[in-house]
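Hello,

Here is the structure I promised to pass on to you. Please have a look at it first, and then read on for my notes.

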Amino acid sequence: MDYSADDHLYMQRALRLAEGATRRAAPNPGVGCVLVREGKVIGEGATLAVGSDHAEIQAIKDCLARGDSPRGATAYVTLEPCSHHGRTPPCAERLIAEGIDRVVAAMVDPYHEVAGRGIAMLQAAGISAAAGLMEPEARRVHRGFLSRVERGRPWVILKAAATLDGKTALLNGSSKWITGPQARLDVQRLRAAHCAILTGSGTVLADDPQLTVREVPVAVQPWRVVLDGDLRTDPSSRIYPGGRSVLATCVDDEARLAAFRAQGVEPLILGRRGGKADLAALLSRLGERGINELMVEAGAGLNGALLRAGLVDEIVLYLAPALAGDAACGLFSWPALEDLADKTRLEIVDVAKVGGDLRLNLRPQA
């Protein structure tokens with residue numbers, strides 16, 4: 001189907017709405033919807049929290065609140081309208097009932113309860129409906145939801161901060177602060193955009209972090225997940241109290257786990273692979289919990305293990321204009337390479353200056 005320049009502009013507007021709704025809507029996709037009639041936006045909306053309105057319903061309500069009617073309008077939606085009864089009624093049915101004339105979706109919803117049925121329902125009702133406008137952009141916005149539905153695991157972004165020679169800490173453990181205040185605030189925004197934050201037992205033992213979002217308003221803190229295969233961490237560590245904490249461990253010993261449960265921690269028992277906690281199983285279990293986007297803030301060991309296992313989708317690397325020398329801790333730990341051809345290749349997606357530091361957005365290459 002051919003789309004006009006206006007179609008692209010309205011879909012861009014819907015995608016911006018979707019970006020703002022991604023975190024609050026999880027585990028649902030944060031969809032955006034714009035209603036247009038005769039070249040005028042008459043309503044717009046984005047998905048609310050689970051159990052509340054989807055984007056299409058919010059856009060219709062916005063239209064009605066303006067004293068208008070959606071009848072005869074075109075609906076630009078970043079994901080195919082749902083066609084099934086879940087926690088809310090089908091959006092496709094509501095669009096039909098409101099007399100929408102045309103529906104332009106960025107992409108088909110791969111979720112098995114929808115998967116083209118929404119478009120088919122609209123077409124059966126005589127509505128012009130199609131998907132595919134700006135699909136690559138939509139897949140980027142909805143990457144967490146799509147990852148969980150299509151791959152059974154969250155979209156994983158690994159964040160790290162280092163000096164220009166790739167050092168994250170001194171050998172004595174000192175790591176505060178490598179980057180400046182603007183970069184650290186940027187990290188808070190990054191945390192706020194994720195459903196959960198994963199770290200390892202080594203980081204908890206060395207730094208005793210909280211890994212909460214600070215200086216940036218959030219309705220709900222992300223889940224904090226500690227991978228502690230051998231149960232080395234202390235239940236009184238700052239990351240555990242207050243709820244929304246998960247302890248992923250290979251130790252299935254209720255007597256030892258009781259102290260963590262008393263802090264409100266939810267244990268998640270994993271098997272081992274190659275003597276270590278099964279990382280793929282961990283991500284799968286987090287996907288089952290409805291985690292769409294997972295941020296990793298860990299040390300070289302867990303960073304290296306995830307990257308080598310092919311479980312990292314993006315890397316956000318903050319580089320400070322400083323040198324720490326070779327007698328310091330590196331970013332990724334793995335066995336020595338015998339040939340440079342075996343090096344891990346990364347694609348530079350974006351580079352930005354954040355205060356006095358650089359932020360690199362990188363994508364691992366196959």
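Before the cavity count, one definition: a cavity here is a set of points on a 1 Å grid over the protein atoms alone where a 1.4 Å probe fits but cannot get out. Please also keep in mind that this is a predicted model.

By that rule, there is 1 cavity of 30 Å³ or more. The largest cavity holds about 30 Å³ of space. Its lining is made up of T22, N28, P29, G30, V141, H142, G144, F145, N292 and E293.

Now to the sheets. One of them is open and built from 5 strands, in the order β2-β1-β3-β4-β5, with mixed pairing. At its edges stand β2 (40-46) and β5 (128-131); each has a single partner strand, so one side of each is left without a neighbour in the sheet. On average, neighbouring strands here are turned by 15 degrees against each other, direction ignored. Strand β1 (residues 32-37) runs antiparallel to β2, and 6 bridges join the two.

Helix α1 (residues 5-25) lies across β1, β2, β3 (74-77) and β4 (102-105), and it runs at about 150 degrees to β1. Helix α4 (residues 117-124) also packs on the sheet, where it touches β4 and β5, and its direction makes about 160 degrees with that of β5.

There is also an open sheet of 9 strands, again with mixed pairing, and its order is β11-β10-β9-β8-β14-β6-β15-β18-β17. Here β11 (265-269) and β17 are the edge strands; each has a single partner strand, so one side of each has no neighbour in the sheet. Helix α11 (residues 300-308) lies across β6, β8, β9, β14, β15 and β18, at about 115 degrees to β8.

Strand β15 (residues 314-320) and strand β18 (residues 357-364) run antiparallel and are joined by 5 bridges. Within β18, N361 is the bridge partner of V316, and L358 stands opposite L319. Strand β17 (residues 346-354) is antiparallel to β18 as well, with 8 bridges between them; here A352 has R359 as its bridge partner in β18. β17 and β18 form a hairpin with 2 residues between them, and G355 in the turn has a positive phi of about 65 degrees.

Next, the annotated positions. UniProt, in an unreviewed entry, places an "active site" feature at E56. This residue is found in helix α2 (residues 55-65). Is E56 buried or exposed? Its relative accessible area is 3%, so E56 is buried. Leaving out residues up to four places away in sequence, E56 touches C33, V77, L79, P81, C82, C91 and L95.

The unreviewed UniProt entry also places a "binding site" feature at S175, R191, T203, L211, R214 and E297. I looked at L211, which is in the loop between α8 (201-207) and β9 (223-227). L211 is buried, with a relative accessible area of 6%. Not counting residues up to four places away in sequence, L211 touches R191, I197, T199, R224, I239 and E297.

Finally, two loop residues. P235 is found in the loop between β9 and β10 (245-249). Why does P235, with a relative accessible area of 19%, count as buried? Buried means under 20% relative accessible area, so P235 at 19% is buried. Beyond its neighbours within four places in sequence, P235 is in contact with Y240, A259, F260 and Q263. The C-alpha atoms of P235 and G264 are separated by 10.0 Å, and the two residues are 29 residues apart along the chain.

D278 is found in the loop between β13 (276-277) and α10 (279-288). D278 counts as buried too, at 12% relative accessibility. Apart from its neighbours within four places in sequence, D278 is in contact with L270, G271, R272 and R273.

Note on methods. Residues are numbered from 1 along each chain as its sequence is written. This is a predicted model: local features need pLDDT of at least 70, side-chain atom pairs count only at pLDDT 80 or more; totals for chains, interfaces and linings use all residues. Side-chain values use heavy atoms; hydrogens and water are left out. UniProt positions are given in the numbering used here, feature names are shortened, and annotations may be inferred rather than shown by experiment. Helices (H or I, at least four residues) and strands (E, at least two) are DSSP runs, numbered from the N terminus. Buried means under 20% relative accessible area, exposed over 50%, partly exposed in between (1.4 Å probe, protein chains only). Contact means heavy atoms within 4.5 Å. Two strands pair if DSSP finds at least two bridges between them. Axes are lines fitted to C-alpha atoms, for helices over the stretch in contact, and angles run from 0 to 180 degrees between N-to-C directions. On a 1 Å grid over the protein atoms alone, a cavity is a set of points where a 1.4 Å probe fits but cannot get out, and a pocket is an open set with protein on both sides within 12 Å along at least five of seven lines; lining residues have an atom within 4 Å of a point. Grid points are joined across faces, edges and corners, and a volume is the space filled by probe spheres set on the points.
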